[in-house]
Amino acid sequence: MTTTSAFDGVIEEFDPIIGLETHIELGTNSKMFCSCSAEFGGDPNTHVCPVCLGLPGSMPVVNRAAVESTIRMGLALNSSIASWCRFARKNYFYPDMPKDYQISQYDEPLCFNGYLDVTVVTDDGPQIFRVEIERVHMEEDTGKLTHGGGAGRIHGATHSLVDFNRAGIPLIEVVTKPITGTGRYAPEVAKAYVAELRDLMRALGVSDVRMEEGSLRCDVNVSLSREGEPWGTRTETKNVNSLRSVERAVRSEMLRQADQLRAGERIIQETRHFHEETGDTTSGRSKEEAEDYRYFPEPDLVPVAPSAEWIDQLRTTLPEVPSVRRARLRDSWGISDFEMQSLVNAGALDLIEATINAGVNEQAARKWWTGEFSRTAKERDCELEDLSVTPADILEVENLIASGDLTDKIARTVFEGVLAGEGSVTAVIDARGLKVVSDDAALLAAIEQALAEQPDVAEKIKSGKIQAAGAIVGAVMKSTKGQADAAKVRALLFEQLGVTE
Amino acid sequence: MSDASLNSDLVRQSAATLATAIARGEVSSEQVTQAHLDRITEVDGQVHAFLFVDPEASLARAREVDAQISSGVIASPLAGVPIALKDLLATRGVPTTCGSKILEGWIPPYNATIVERLEAAGVVSLGKTNMDEFAMGSSTENSGYGPTHNPWDLERIPGGSGGGSAAAIASFEAPLAIGTDTGGSIRQPAAVTGTVGVKPTYGGVSRYGIVALASSLDQAGPCARSVMDTALLHSVIAGHDPRDSTSINAPVPDVIAAAKSGDVRGMKIGVIKQLQGEGFQSGVISQFNASLEILAGLGAEIVEVSCDHFQYALGAYYLILPSEASSNLARFDGMRFGIRVGDDGQHSVEQVMSATREAGFGAEVKRRIMLGTYALSSGYYDAYYGQAQKIRTLITRDFEAAFAQVDVLVSPTAPTTAFKLGAKVDDPLAMYLNDIATIPVNLAGNCAMSLPAGLAPEDGLPVGFQIIAPAMADDRLYKVGSALEAALVDKWGGLLIDKVPSL
Ligand SMILES: [Zn+2]
């Protein structure tokens, strides 16, 4: 493929340095600085109050649950937790910002100096890359603008509507240090890092990270340098909102910068926009004329000073770290690193574990999720977890197979119906009439009919050509629409003809 | 007694007297409220203390309180007494302008915590008082709605920014008022109108619902004509508020008990060396010294205390205040409340924001927004905002060192008596110097009171005496203040305000 060779060319000549700033909405009940509901959606401007509308005179109060979530996230990222830190105001005018400043953290983040190990499958097998974390801090989200007329952007719009339901939703921002030494795996490392971050947040229960609702947003920094030269100028691609896009954004930006550098042009420090349709980035605002946010400590809030006891107590609430959990499951299931990594990449791990916990045996659980279901997800270009099949469905089907009511083959048809949205397992079985036909009389009737249609075959079998039985079994399976147990049909046939195998 | 004389008698009573009479059923809150509304109708054309009055709403509220009282419920020691509110307080359903054209027509959907506390205490609002725009000024001349006049001399300023609240009390339009004090906006108007005003300890009174000028300096407080009335109001509005995270979660000092037991025997009172002499009007100094002699005569030990860093206070203040104000005032962008200019379908959102701010803000507000924006800019932050914060720390330490030696500190409240309207409008620096004695307290976050010390011989205008106490020792202000006030009342045969010319 030409892209691959072009990318190989980039790697031969340049070394990429990447960095990621990830904003994730916390799953607290209330907003960051007021008691409004933080639930997604709702009619526009129904989850609002004087505080999150920034009305004159209103004042913020810090949501303790958000601080707690941030500290737990920091601890899970192996960070230091500040014993004293302040919020800061980031000042800029924008109509989706109620106060025309955002309450964020500047030079005193709550968590700092951590790391997250991520695994990427390389040509030499799975390899761990350590991503160092610069900081984890808290801030509030802005409102949401909808532009009328024009191209849906603020420029050229005839009017704009603003919904402040999202204004004040607690966000955490996780910022990596520059990630070096990833070479050709830079795009995969970036993707694996964001996936790992997502899994960690879910495991901690601090956010359910609904990426399709925009609750995780990534800014991707990329620069290239030639060996022995200082780091190149970086660009920042804003609002990259899916795992696949993170990978694509890094790759396309590496290709673009390499072209530029080879042509003897310099890289401009700028923000760039990512386009889902093409996977390309285009130039946005130049950072060289960057806005001055005039940060200063937020005087309406007292400093956050978590006690050592509180931090210790939160440390005891940390769940198993995803990488440790994966190692445990790998050993327990007796699979290789490589197999485990492909389960992770397919997004199947949680689902398989849930299926096993539901009572399905390990092998069957893995088989369904990595087989049928993965194929369907690929066809539909969606995540496994978005499919309309549950661990309980798998248990139900597996139980029916065990009792002889379904064969493996019929089970596939059942799931085909479930995945097509035809209803529950039972509903699909009923609607499609899918059950093993085990009634001897019905099978014998079908066998007799098949023998009558192919009289020569009966003679062949009787004369010892047992392999000829296949034609009759096949005919019976066909007439019962595959719902007969083939072994049983065969046994009945021989019995009928008085032949022993 | 005719209605007219009853009314003129009622408006001259203290809040404490009115509350007692109302509680005993000798007079109704409705009658007291009506008397003050009549007085407003009579004199506010000359004084212009009020920006908004809704007589029907005030009377309706007074009748509710009367009904409560007649059913035996007396909500507080101020139940049924009317009050004037500085127009910086968010009042649900009642226009709130902050003295600015940019907020013309804004009707808040919520109440400031103070307003809620006053309502719960059965205090009846008369309306909203005039002020320098967004509390930026020392004369009320920066109001977008015209200046307020000093009842002692209508040609003179009533102080600022809370000139409306002070003038309302001094002209007997209201027995009580709420002010806010960022650099002296309660105390300096009290000084030049011959009334009493207290800036409580920072965090002592909730800031929730008070439109912010400089969040780390702002503090609301009580205004009245006597120390006792001030204490009664102080105790109603003070206390922890979970909606203001800078509010102090500790019991409110017992200011009423302190006001009742005014006594300075054995107390050490420190005179701040840096806040006298050059720049202070001679009559201000003479009245200040006369008060010191009284305090010494009452048994206090008077010593001089040096606060070396106070000389930098004004400079630090005029960096910190504009910095915070530039950010606090960003939200006035014409998008969600107040006026909107230039939204004709031809202009971008940035242009509309800009045009709205250009049209809505006055010159002083723009000056301070520009100063603050500059001081916070990257590359200048350390030199300006950062340095100012260091000065702030040093001033706080000066106070700590002083309070290790003395119980309270004292100084004249303002360097001069009320000046003529227009005298300093073109000289911002001269205007800023009015607050030289009051600003250090805001920077350090402790508390202070201004009470009348007499009239300056050269112009016959009131002089303010400032008492400063450590944080959360607000009761000391009242202990010293009421002792001095009692001695002065003995000397004058009444409160200083009784000498105000009739309008
Ligand atoms: Zn809210």
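Along the chain, the donors of the zinc ion follow the spacing C-x1-C-x12-C-x2-C. The model described here is predicted.

**Zinc site**

Chain A supplies the ligands. They are the SG atoms of A:Cys34, A:Cys36, A:Cys49 and A:Cys52, which coordinate the zinc ion at 2.3 to 2.4 Å. The four donor atoms subtend angles of 100 to 115° around the metal, so the arrangement is tetrahedral. For that label, all angles must lie between 85 and 135 degrees.

How accessible are two of these cysteines? The cut-off for buried is under 20% relative accessible area. A:Cys49 has a relative accessible area of 18% and is therefore buried. A:Cys52 also counts as buried, because its relative accessibility is 7%.

| Residue | Relative accessible area | Class |
|---|---|---|
| A:Cys49 | 18% | buried |
| A:Cys52 | 7% | buried |

**Domains of chain A**

Chain A is divided into three parts: domain 1 (2–287), domain 2 (322–432) and domain 3 (440–497). Taken over C-alpha atoms, the centres of domain 1 and domain 3 of chain A are separated by 65 Å.

**Helix H2 of chain B**

Helix H2 of chain B covers residues 15–23. Its buried residues are B:Ala15, B:Leu18, B:Ala19, B:Ala21 and B:Ile22. Where do they sit around the axis of H2(B)? Viewed down that axis, the buried residues fall within an arc of 165°, so they line one face of the helix. Just after H2(B) comes B:Gly25, which takes a positive phi of about 80°.

Terms used. Residues numbered from 1 in each chain as written. Chains lettered and ligands numbered in written order. Predicted model: local features only at pLDDT ≥ 70, side-chain atom pairs only at ≥ 80, totals over all residues. Heavy atoms only, no water. Donors = N, O, S within 2.8 Å, 3.2 Å for Na, K, Ca; no water. Tetrahedral: all angles 85-135°; square planar, octahedral: opposite > 155°, others 65-115°. Buried < 20%, exposed > 50% of the residue type's maximum accessible area, 1.4 Å probe, protein only. Domains from an automatic or database assignment. Helix = DSSP H or I, 4+ residues; strand = E, 2+ residues; numbered from the N terminus. Arc of directions from axis to C-beta.
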